[in-house]
Amino acid sequence: MIQLGTSTRGALSRERDVREAYAAHSGELYGFAVRSLGDSGLAEEAVQETFVRAWRAGDRFDPKIGSLRTWLFAILRNVVIDLGRARSVRPGVAEGGIEPSVEPLDEALLAWQVEEAMRRLGEDHRRVLVETYYRGRPYAEVAEELGVPEGTVKSRVYYGLRALRVVLEEMGYED
Amino acid sequence: MKTRNECREWRELLGAHALGRLEGDERAGLEAHLEGCADCSEELAGLAPVAKMLPHADPARFELAPEPPPELGRRIAATIEGEKQRARQRRRRTFGGFAFGGAAAAAVAAVLLLFVFGGSSPDASQPVEFTNLPEGINIYATLEPHAYGTEIHMYVHGVPSGTLCRVWLRGPRGVSYPAGTFRYRWGDDSDAVLSSALDISRTRAVVVDTGKHTFVAPVGKAPVAAVTQTEEEPT
């Protein structure tokens, strides 16, 4: 789990703490917001609303319950639901909206986590996973292209998966 | 008795096996090894959840890491600063009006805010009229332009105490931007102060959803006599 070293109860009640939290987590939050909302303008809106809500409720943050990152993601998740609801309901159009399902949001969160973890992998590991798993290419072909033995490609797949697991754990993913 | 090297050789095939890409003799050999090796079996079990997650990702996004625009941090800081200013003003009003010193400090702070964030004068605030409301319900709103977007002062009266009110600003293409939520409490005559990143010049309507109804009031060049729509709550 990623924790801010100085996190204490009420950690976001001061502006300086908001700035620190923004510097530490805005990239991830924005990345997830773009991934789930599919719109950079709405994603900016979502991240802004997340930090403002976090600041308003700063006194309620308790690092004993969870990390600041987890807390911010929980707020963002609610904001994204609100934005998704607003977008699908389009208040004022009077057509009667459909309550957005939570499933697609969880799916987007899962997808974003894997994509972010893949971005954090070393190039060698990411490349063999992309070529052999996502592009479905034979190991021998990839090995020839990379100029390494086929066994090396297989071992990179193994160590790549292990590294991915570590990165996901660092990001707070729990299976 | 397995040696460390023997385990290592098989272990490096676990990734391909977890992804279902091991075939023939290699696969048969690894499976035989796994039957007698608890450590390698445990390692495989540890890789399985990661392998199951892979199909959810889109590899086209691996290279792209969207970054928030540089001004977003400043907008958030300005929004929070604005809320703090308003909270201070409310406290001053609560504790006996404006002493000269307090008023002077507020004026200096306002000038500083205008200087730093390029805000507009309070005169630019814009009242919004909600008309044709059900009997007993009153809704008023005032919009104020800011560098970060629009500040909305909402006053709702006449709905059941505890009603959750959701507010949106509607933009030029009919897209609604959430401005926040508040609860109406019986006996509380204060206004709710909300904010949105949508610029006031692009705001075409204010939308308030009280759960039972959705009320829409036009903003800007709309005629004074514009009719407020009363819409049933979406189900």
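Chain A of this predicted model has an average pLDDT of 82, and 80% of its residues score at least 70. Within chain A, residues 1–9 have a pLDDT below 50, and this stretch makes 20 contacts in the model beyond near neighbours in sequence. The contact between the two chains takes 47 residues from chain A and 51 residues from chain B.

**Confidence in chain A**

- Where pLDDT is low, predicted coordinates should not be read in detail.

**Chain B as a whole**

- Chain B contains 6 helices and 9 strands.
- Of the 235 residues in chain B, 29% are buried.
- When contacts in chain B between residues at least 6 apart in sequence are considered, 52% of them join residues at least 24 apart.

**The side of chain B that touches chain A**

- The elements of chain B that contribute two or more residues to this side include the helices α2 (14–18), α4 (38–53) and α5 (70–94). Also among them are β4 (164–170), β5 (176–183), β7 (205–209), β8 (213–218) and β9 (229–232) of chain B.
- The largest share, 7 residues, is supplied by α5(B).
- Sorted by class, this side of chain B comprises 30 nonpolar, 10 polar and 11 charged residues.

**Helix α7 of chain A and its partners**

- Across the contact between the chains, the axes of α7(A) (residues 150–170) and α4(B) come within 9 Å and cross at roughly 75°. An angle from 65 to 115 degrees counts as roughly perpendicular, and α7(A) and α4(B) are therefore roughly perpendicular to each other.
- From α7(A), the residues Leu161(A), Leu164(A), Arg165(A) and Leu168(A) meet Gly46(B), Leu47(B), Val50(B) and Ala51(B) of α4(B). The contact of α7(A) with α4(B) has 6 nonpolar, 1 polar and 1 charged residues.
- Within chain A, α7(A) also packs with α6(A) (residues 139–146), at an angle of about 105° and with the axes 8 Å apart. The helices α6(A) and α7(A) are therefore roughly perpendicular to each other.
- On the α6(A) side of this packing are Tyr139(A), Ala140(A), Val142(A), Ala143(A) and Leu146(A), which meet Glu150(A), Thr152(A), Val153(A) and Lys154(A) in α7(A). By class, the contact of α6(A) with α7(A) has 6 nonpolar, 1 polar and 2 charged residues.

**Nonpolar cores**

- The largest nonpolar core has 32 residues, of which Ala33(A), Ala46(A), Leu72(A) and Leu76(A) touch the most other members.
- At least two residues of this core come from each of α1 (15–37), α2 (40–56), α3 (68–89) and α4 (102–120) of chain A, and from α5 of chain B.
- Beyond its neighbours within four places in sequence, Ala46(A) is in contact with Ala33(A), Leu37(A), Leu76(A), Val79(A), Val80(A) and Leu83(A).
- Another core, apart from the largest one, holds 30 residues, including Met118(A), Leu121(A), Leu44(B) and Val50(B). Val50(B) is also one of the α4(B) residues that α7(A) meets.

**Helix α5 of chain A**

- The buried residues of α5(A) (residues 123–134) are His125(A), Arg126(A), Val128(A), Leu129(A), Glu131(A), Thr132(A) and Tyr133(A).
- After α5(A) comes Gly136(A), with a positive phi near 65°.

Note on methods
Residues are numbered from 1 along each chain as its sequence is written. Chains are lettered from A and ligands numbered from 1 in the order in which they are written. This is a predicted model: local features need pLDDT of at least 70, side-chain atom pairs count only at pLDDT 80 or more; totals for chains, interfaces and linings use all residues. Two residues are in contact if their C-beta atoms, placed from the backbone, lie within 7 Å. Helices (H or I, at least four residues) and strands (E, at least two) are DSSP runs, numbered from the N terminus. Ala, Val, Leu, Ile, Met, Phe, Trp, Tyr, Cys and Pro count as nonpolar, Asp, Glu, Lys and Arg as charged, and the others, Gly among them, as polar. Axes are lines fitted to C-alpha atoms, for helices over the stretch in contact, and angles run from 0 to 180 degrees between N-to-C directions. Angles under 35 degrees count as roughly parallel, over 145 as roughly antiparallel, 65 to 115 as roughly perpendicular and the rest as oblique. pLDDT is the predictor's confidence in each residue, from 0 to 100. A residue is buried if 20 or more other C-beta atoms lie within 10 Å of its own, exposed if 12 or fewer, and partly exposed in between; C-beta atoms are placed from the backbone. A nonpolar core is a set of buried Ala, Val, Leu, Ile, Met, Phe, Trp, Tyr and Cys residues joined through C-beta atoms within 7 Å.
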